[in-house]
Amino acid sequence: MKNLLIGTALVAAMLGAAWYGGETWLSGKAREAVTSSPVVEAASVTPLRDPRRIGLRMAEVEIGDAETGLSAPGLKLYAPLIAPTTMTVALPSQMELRMGNAPVSVTLGQGQAHAALSLTHEMAIREAGIDARDLDVDGVDMLQSLEITARLAHMGGAAPQGSRAAYAVDATARGLTLPGLQERLDIIGPVQLWLTEVPGQPMLEGRVPPPALTGMQTQGLRFSLAGAEATLIGRIQADAQGRAEGEAALYTRDARPFIDAAVEAGLIPQKAAMLVGAMINTLSKTPLPGEIKETVVRSAEVLPLTPEEAGTDDDMLVALPPAQEGQIRLPLILKDGEVRLGPVPIGPAPRLFPAT
């Protein structure tokens with residue numbers, strides 16, 4: 001028994017020394033990485049010293065640049081001892097976010113983000129996610145809860161030009177408040193994203209620019225508003241000028257709450273909304289341009305696309321089925337820098353990235 005106790009104590013001491021030394025080595029490497037990185041700054045990097053995990057504390061953190069980025073008073077990064085490549089970031093309750101305009105103050109009741117890294121592919125992020133509660137922006141209650149998980153996926157033959165990475169995203173946003181909107185909005189469902197770069201070590205070292213969005217598609221993103229339900233199916237990608245182009249459709253049994261909400265949020269002009277309201281039934285029966293030849297591209301072949309095939313092949317373009325009985329289909333067409341709801345112009349198409 002005595003020898004067993006001595007052996008156990010020696011093993012515990014060795015593990016403790018390895019953990020302590022590992023955190024010290026890791027904090028040193030992190031300081032070197034932060035010092036050489038053009039996109040991350042921190043006033044200090046120190047070991048976390050929590051025996052349950054290996055991690056770091058970073059004080060006065062700056063990510064990005066003066067126009068786009070994040071400022072935080074401090075961050076804690078840690079990973080389980082049994083999974084050191086899966087990092088979790090405990091988000092502080094107060095942050096400052098920069099997205100091209102004036103900085104905004106962000107307050108969280110609770111929040112954390114995680115990322116699983118691939119050691120054999122230059123620390124590429126193979127999975128990432130965020131879990132946040134009670135989000136305020138500049139003192140305005142914006143979101144009750146947010147859960148997003150993104151997994152690195154096969155790009156497929158339908159990837160937009162310029163894509164070098166694809167992520168399959170599952171998103172749940174509850175209690176979302178939009179400017180001018182009185183009712184809260186829930187958004188739940190899958191989204192496929194294509195990016196110009198894989199986030200990872202080359203980006204942190206400034207060897208490649210931060211990834212930009214080249215396209216996105218969904219086979220069924222669900223919206224809930226004031227008791228009404230709607231499903232969005234569609235795909236957009238960047239044109240040669242970096243503007244969004246593509247086709248989508250909103251399927252619902254009650255379109256009025258969503259049209260009114262879009263007007264309140266400033267997404268649709270009042271005059272266009274009145275015209276759309278008068279044309280709802282006609283819009284639902286209007287064919288989209290893609291339905292003239294509803295096809296899917298697999299290698300060099302062009303095959304008919306059926307509703308049963310939707311979502312079963314990575315190389316498949318999204319199919320926009322006709323409305324079911326009792327449903328209304330509101331077609332969205334993005335082309336030549338303009339967004340149309342059926343034949344009605346409702347505004348400029350958003351820009352995904354700078355023109356090439």
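Author: pLDDT is the predictor's confidence in each residue, from 0 to 100. This is a predicted model, and the mean pLDDT of the protein chain is 76, with 77% of its residues at 70 or more.

Reader: Over which residues is the pLDDT below 50?

Author: Where pLDDT is low, the predicted coordinates should not be read in detail. Here that applies to residues 1–23, where the pLDDT is below 50 and the model has 16 contacts beyond near neighbours in sequence. Residues 292–316 are also below 50, and for this stretch the model has 38 such contacts.

Reader: Which residues of helix 4 are buried, and which are exposed?

Author: An α-helix has 3.6 residues a turn, so residues three or four places apart point the same way. In helix 4, residues 270–278, the buried residues are A272, A273 and V276. Their arc around the axis is only 100 degrees, so they lie on the same side of helix 4. K271, M274 and A278 are exposed on the other side.

Reader: At what angle do helix 3 and helix 4 pack?

Author: An angle over 145 degrees counts as roughly antiparallel. Helix 3, residues 256–264, packs against helix 4 at about 170 degrees, and the axes are 9 Å apart. Helix 3 is therefore roughly antiparallel to helix 4.

Reader: Which residues meet in this contact, and how many are nonpolar, polar or charged?

Author: From helix 3 come R256, I259 and V263; from helix 4, Q270, A273, V276 and G277. The contact of helix 3 with helix 4 comprises 4 nonpolar, 2 polar and 1 charged residues. A273 and V276, listed here, are also among the buried residues of helix 4.

Note on methods
Residues numbered from 1 in each chain as written. Predicted model: local features only at pLDDT ≥ 70, side-chain atom pairs only at ≥ 80, totals over all residues. Heavy atoms only, no water. Buried < 20%, exposed > 50% of the residue type's maximum accessible area, 1.4 Å probe, protein only. Helix = DSSP H or I, 4+ residues; strand = E, 2+ residues; numbered from the N terminus. Arc of directions from axis to C-beta. Axes fitted to C-alpha atoms, helices over the stretch in contact; angles between N-to-C directions. Parallel < 35°, antiparallel > 145°, perpendicular 65-115°, else oblique. Contact = heavy atoms within 4.5 Å. Nonpolar A, V, L, I, M, F, W, Y, C, P; charged D, E, K, R; others polar.
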